[in-house]
Amino acid sequence: MVTRYSGGSLMNDFVSLRDAMDRLFNESLVPGTRGVPGSSVFPLDVYATDEAMTILAAVPGIDPSALDISIEKGQVSIKGEVPDVASSEEARNAMWYLHELPRGEFHRTLSVPFEVDANRAEATFENGMLRLTLPKAEAARPRQIKVRVAGENGASGAIAEGRTAERVG
């Protein structure tokens with residue numbers, strides 16, 4: 001449906017048409033936005049600190065024990081399924097007026113840009129929100145490197161002169 005603004009300009013009409021087309025596209029063609037079976041997409045927030053990556057996933061209506069989370073070769077995958085209310089015993093022979101809730105299987109895979117310590121990974125679930133914490137492996141954590149000044153604590157002046165110190169052994 002196109003909304004017209006009275007006394008509007010050609011630009012307003014163009015914006016209205018674009019908004020209407022965006023709504024039509026998003027509501028009918030984009031997977032997961034209108035409960036299309038088997039194609040649900042769930043929103044994520046992902047951030048990383050020096051210690052870990054955290055993934056927050058909104059997965060309402062999911063039984064937490066039915067979530068399948070795996071980490072392999074720099075990829076983290078989250079899989080699950082939202083049951084279809086229409087196929088429940090409760091809804092048998094019901095007259096449906098709207099059936100928009102997401103349903104069916106979903107799957108998201110993300111690349112993790114650093115090595116993860118999978119043994120310390122944790123997942124918690126509260127009020128339809130999954131929180132997945134992926135600690136960085138020790139080798140992937142930032143390190144502070146102390147700079148020594150030549151002549152102190154055994155550092156030789158050879159560094160400043162461009163020579164390498166010989167090993168004494």
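## A walk through two sheets

Two strands pair if DSSP finds at least two bridges between them. Strand 4 and strand 5 run antiparallel to each other and are joined by eight bridges.

Before going on, a word about what you are looking at. This is a predicted model, in which local features need pLDDT of at least 70 and side-chain atom pairs count only at pLDDT 80 or more, while totals for chains, interfaces and linings use all residues. Residues are numbered from 1 along each chain as its sequence is written, and side-chain values use heavy atoms, with hydrogens and water left out. The score pLDDT is the predictor's confidence in each residue, from 0 to 100. Its mean for the protein is 76, and 64% of the residues reach 70 or more.

Now for the overall plan. The protein has two helices and seven strands, and from the N terminus on the elements follow the order α-β-β-β-β-β-β-β-α. Of its 169 residues, 22% count as buried; that word means under 20% relative accessible area, with exposed meaning over 50% and partly exposed in between (1.4 Å probe, protein chains only). The protein exposes about 12900 Å², and carbon and sulfur atoms supply 53% of that area, as computed by the Shrake-Rupley method with a 1.4 Å probe, where for residues only the protein chains shown count as cover.

Strand 3 (residues 68-72) is joined to strand 4 by five bridges, and the two run antiparallel. In one of these pairings, Ile-71 has Val-76 in strand 4 as its bridge partner. The two strands make a hairpin with two residues between them, and Lys-73 in the turn has a positive phi of about 50 degrees.

Is Ser-77 buried or exposed? Ser-77 counts as buried because its relative accessible area is 12%. Not counting residues up to four places away in sequence, Ser-77 touches Asp-68, Ile-69, Ser-70, His-107, Arg-108 and Thr-109; a contact means heavy atoms within 4.5 Å. The side chains of Ser-77 and Thr-109 are also joined by a polar contact of 3.1 Å. That term stands for a pair of N or O atoms within 3.5 Å; within protein, one must be able to donate a hydrogen and the other to accept it, and residues adjacent in sequence count only if both atoms are side-chain atoms.

Follow the chain onward and you reach Asp-84, in the loop between strand 4 (75-82) and strand 5 (104-111). Asp-84 counts as partly exposed because its relative accessibility is 27%. The side chain of Asp-84 reaches the backbone nitrogen of Ala-86 at 3.0 Å. Leaving aside neighbours within four places in sequence, Asp-84 is in contact with His-99 and Arg-103. The C-alpha atoms of Asp-84 and Gly-104 are separated by 6.7 Å, although these residues are 20 apart along the chain.

Four strands form it, open and antiparallel, in the order 1-2-7-6. Its edge strands, each pairing on one side only, are strand 1 (44-48) and strand 6 (122-126). Five bridges join strand 1 to strand 2 (residues 52-58), and these strands run antiparallel. Across this pairing, Val-46 stands opposite Ile-55 in strand 2.

Thr-54 also lies in strand 2, and it is buried, with a relative accessible area of 7%. Leaving aside neighbours within four places in sequence, Thr-54 is in contact with Asp-45, Val-46, Tyr-47, Arg-131, Leu-132 and Thr-133.
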